Amino acid sequence: MSAKAVLSVADLETIGSPKLWTITVAALMLLLAVDFLLTRRPHEVRMREAVGWSVFYLALPLIFGVYVWGVFGSGVAMEFFTGYVVEKSLSVDNLFVFMLLLSAFAVPTALAQRVLLYGIIGALVLRAIFIALGAAVLQSGTWAFLLFGGILIVTAGKILKDALGEKEQTVDISSMRTIRLLRRLMPVTDDYRGSRLVVREGGRRALTPLALAIVAVFATDIVFAVDSVPAVYGVTEDPFIVFATNVFALLGLRALYFVLLGVLTKLRHLNHGLGVILAFIGIKLVLHWAQGVWAWVPGIPTPVSLGVIVVVLITVTITSVYANRRDTKPASSPAEREPRSRPTH
């Protein structure tokens with residue numbers, strides 16, 4: 001079998017040979033270990049450090065995509081790049097919710113990157129589980145595309161409804177069941193104790209607010225996994241490509257958070273764009289299912305999908321910038337609004 005041949009594992013076509021899976025997982029473990037070393041000593045992340053790591057984590061998928069292009073062809077590489085763009089755009093929404101959680105728990109700036117790192121690890125574990133489940137569902141028949149498409153369309157409708165209704169995204173800690181359960185099971189200290197999650201206080205173990213913040217991030221990871229995994233399966237059916245796009249999109253989130261910290265709240269139309277993207281991919285999945293029933297139903301090629309996604313993201317960025325400038329523009333005074341009288345001759 002040639003290098004460009006497509007491998008078949010459990011009736012699913014994939015480029016993920018055992019060797020490629022091993023190298024990818026080993027590289028992931030190495031990068032996570034480096035992140036743990038970097039966050040071992042809590043410190044405030046400077047912009048220069050955050051930008052440097054963000055550039056590094058943006059370069060990795062580009063290098064990997066070039067490798068895929070050279071070994072497996074342009075079609076597989078296009079699927080990878082499209083899936084990566086989808087996952088990266090959805091991960092920015094993750095960052096916004098992480099920002100709300102860090103603010104709600106009053107996480108000290110020096111500890112923010114440790115919370116984000118735990119959140120990213122939780123997201124990776126959950127994505128791996130959902131990717132495996134998604135692959136199993138796809139093996140059961142083409143109806144899975146209809147299921148995934150329906151999930152994305154319903155999610156897109158909810159996102160667009162909230163966005164068009166200008167409903168402000170908030171986080172209510174008291175309503176989170178996991179947090180309420182933890183508070184019942186164990187006492188919680190009033191203040192942070194560095195990077196420690198559990199301390200001994202009054203002769204018994206107690207959780208720190210840092211532990212609660214991490215659990216809250218884990219809980220939100222579940223919701224995002226339900227959306228993102230079907231979304232990238234709408235681009236490619238290859239479980240390895242789905243896993244790789246998720247890994248590359250999530251790994252750089254810790255550094256990207258500090259780069260975009262002042263920008264996240266200004267992307268006011270991001271949810272509009274994400275709603276449109278999820279609806280588009282949902283429709284693509286439904287059409288893919290329909291092609292198996294009616295041969296005349298048209299499909300949406302991957303290059304078209306990538307073009308639509310990029311155009312939507314650029315559009316919502318431009319409209320967000322324009323809306324922010326419009327709102328910050330000082331209103332003219334009544335005297336300036338009154339028309340000037342024409343000179344009499």
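**Exercises on two helix pairs in a predicted model**

The axes of helix α5 (residues 143–164) and helix α7 (residues 209–233) cross at roughly 125° and come within 9 Å. The structure is a predicted model.

**Exercise 1.** Determine how α5 and α7 are oriented to each other, and state which residues of α5 and α7 meet.

*Solution.*
Step 1. The crossing angle of α5 and α7 is roughly 125°.
Step 2. Angles over 145 degrees count as roughly antiparallel and those from 65 to 115 as roughly perpendicular, while angles under 35 count as roughly parallel and the rest as oblique. α5 and α7 are therefore oblique to each other.
Step 3. The hand of the α5 and α7 crossing is left-handed.
Step 4. On the α5 side, Phe 148, Ile 151, Leu 152 and Thr 155 take part, and they meet Val 226, Asp 227, Pro 230, Ala 231 and Tyr 233 of α7.
Step 5. Sorted by class, this contact of α5 with α7 comprises 7 nonpolar residues, 1 polar and 1 charged.

**Exercise 2.** Carry out the analysis for helix α1 (residues 18–38) and helix α4 (residues 109–139).

*Solution.*
Step 1. The axes of α1 and α4 lie 10 Å apart, and the packing angle is about 160°.
Step 2. Because angles over 145 degrees count as roughly antiparallel, α1 is roughly antiparallel to α4.
Step 3. α1 and α4 cross in a left-handed sense.
Step 4. From α1, the contact draws on Leu 28, Leu 32, Asp 35, Phe 36 and Leu 38; from α4, on Gln 113, Arg 114, Leu 117, Tyr 118, Ile 121 and Leu 124.
Step 5. The classes in the contact of α1 with α4 are 8 nonpolar, 1 polar and 2 charged residues.

Notes: Residues are numbered from 1 along each chain as its sequence is written. This is a predicted model: local features need pLDDT of at least 70, side-chain atom pairs count only at pLDDT 80 or more; totals for chains, interfaces and linings use all residues. Side-chain values use heavy atoms; hydrogens and water are left out. Axes are lines fitted to C-alpha atoms, for helices over the stretch in contact, and angles run from 0 to 180 degrees between N-to-C directions. Helices (H or I, at least four residues) and strands (E, at least two) are DSSP runs, numbered from the N terminus. A crossing is left-handed if the near helix is turned anticlockwise from the far one by less than a right angle, and right-handed if clockwise. Contact means heavy atoms within 4.5 Å. Ala, Val, Leu, Ile, Met, Phe, Trp, Tyr, Cys and Pro count as nonpolar, Asp, Glu, Lys and Arg as charged, and the others, Gly among them, as polar.
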